[in-house]
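Hi,

Here is the structure I promised to pass on.

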Amino acid sequence: MTNEELKIKLTELLPSATFEEGTEWVNLFVAPAEWKGFAQQLRSTDGLDFDFLFCVTCVDWKTHLTMVYHLTSTKHRHSIVVKSKLDRTKPEIETVCDIWRTAEFHEREQAELFGVNFLNHPDLRKLILTDDFEGFPLRKDFEDPINMIKL
């Protein structure tokens, strides 16, 4: 399926999605409230079959956070990037670890390092930092008193 055909199919599933132009893979923006249902459709819709979530990350834009999900179909060999803009003061989005098992680990990492709350995630324990660590070290406003790095 070409990128243009993917865009048409994705727009049929979620008319409110918007696309970022000039990228190798199809990049689309989805509202956090629409993410979970759309994710289920991406996984189960014939012709799309996005069965592999291979990267989940977060970007701090100082004014907001953006969740970024990289998906591919091992059956059809097409890939997309789904982005969702989150409120910086209360970043929340529904978990997709029940759709793609790999999300469980990735979401824990983003929760720990960026402070994103993945609603209904079964286990948001820290992976890297100590339990008493305060703050979110990958946010641009994080101040490290030992290393004194400011972004």
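Strand 2 (residues 26-29) and strand 5 are joined by 4 bridges and run parallel. Val26 is the residue standing opposite Ile80 of strand 5. Strands pair here if DSSP finds at least two bridges between them, and both helices (H or I, at least four residues) and strands (E, at least two) are DSSP runs, numbered from the N terminus.

Before I go on: this is a predicted model, where local features need pLDDT of at least 70 and side-chain atom pairs count only at pLDDT 80 or more, while totals for chains, interfaces and linings use all residues. Residues are numbered from 1 along each chain as its sequence is written, and side-chain values use heavy atoms, with hydrogens and water left out.

Back to strand 5. Strand 4 (residues 64-72) is joined to strand 5 by 9 bridges, and these two run antiparallel. Tyr69 stands opposite Val82 there. The two strands make a hairpin with 6 residues between them, and Arg77 in the turn has a positive phi of about 65 degrees.

How many residues of strand 5 are buried? The count is 7 of the 9 (residues 79-87), so strand 5 is largely enclosed by the rest of the structure. Buried means under 20% relative accessible area, exposed means over 50%, and partly exposed is in between (1.4 Å probe, protein chains only).

Helix 3 (residues 103-114) is also largely enclosed by the rest of the structure, because 10 of its 12 residues are buried. Among them are Glu104, His106, Arg108 and Phe114.

Next, the aromatics. The structure holds 5 aromatic pairs. In one of them, the rings of Phe52 and Phe54 have centres 5.9 Å apart and planes at 35 degrees, so the pair is tilted. Rings of Phe, Tyr and Trp (its six-membered ring) pair if their centres lie within 6.5 Å; planes under 30 degrees apart count as stacked, over 60 as edge-to-face and the rest as tilted. Ring pairs also link Trp25, Phe52 and Phe54 into a cluster.

Those residues, Trp25, Phe52 and Phe54, form a nonpolar patch on the surface as well, with about 250 Å² of accessible area together. Phe52 belongs to strand 3 (residues 52-60) and is partly exposed at 37% relative accessible area. Phe54 is partly exposed at 30%. For patches, residues need over 30% relative accessible area and no salt bridge; like charges are joined within 9 Å, nonpolar side chains (Val, Leu, Ile, Met, Phe, Trp, Tyr) within 5 Å.

Finally, a few loop residues to look up. Asp49 has a positive phi of about 50 degrees although it is not a glycine. Asp49 sits in the loop between helix 2 (32-44) and strand 3, and counts as buried at 14% relative accessibility. Asn120, also not a glycine, has a positive phi of about 70 degrees. Asn120 lies in the segment after strand 7 (117-119) and is exposed, with a relative accessible area of 64%. Ala17, in the loop between helix 1 (3-13) and strand 1 (18-20), is buried at 9%.

Cheers

Technical notes: Accessible areas come from the Shrake-Rupley method with a 1.4 Å probe; for residues, only the protein chains shown count as cover. A salt bridge is a side-chain nitrogen of Lys or Arg within 4 Å of a carboxyl oxygen of Asp or Glu.
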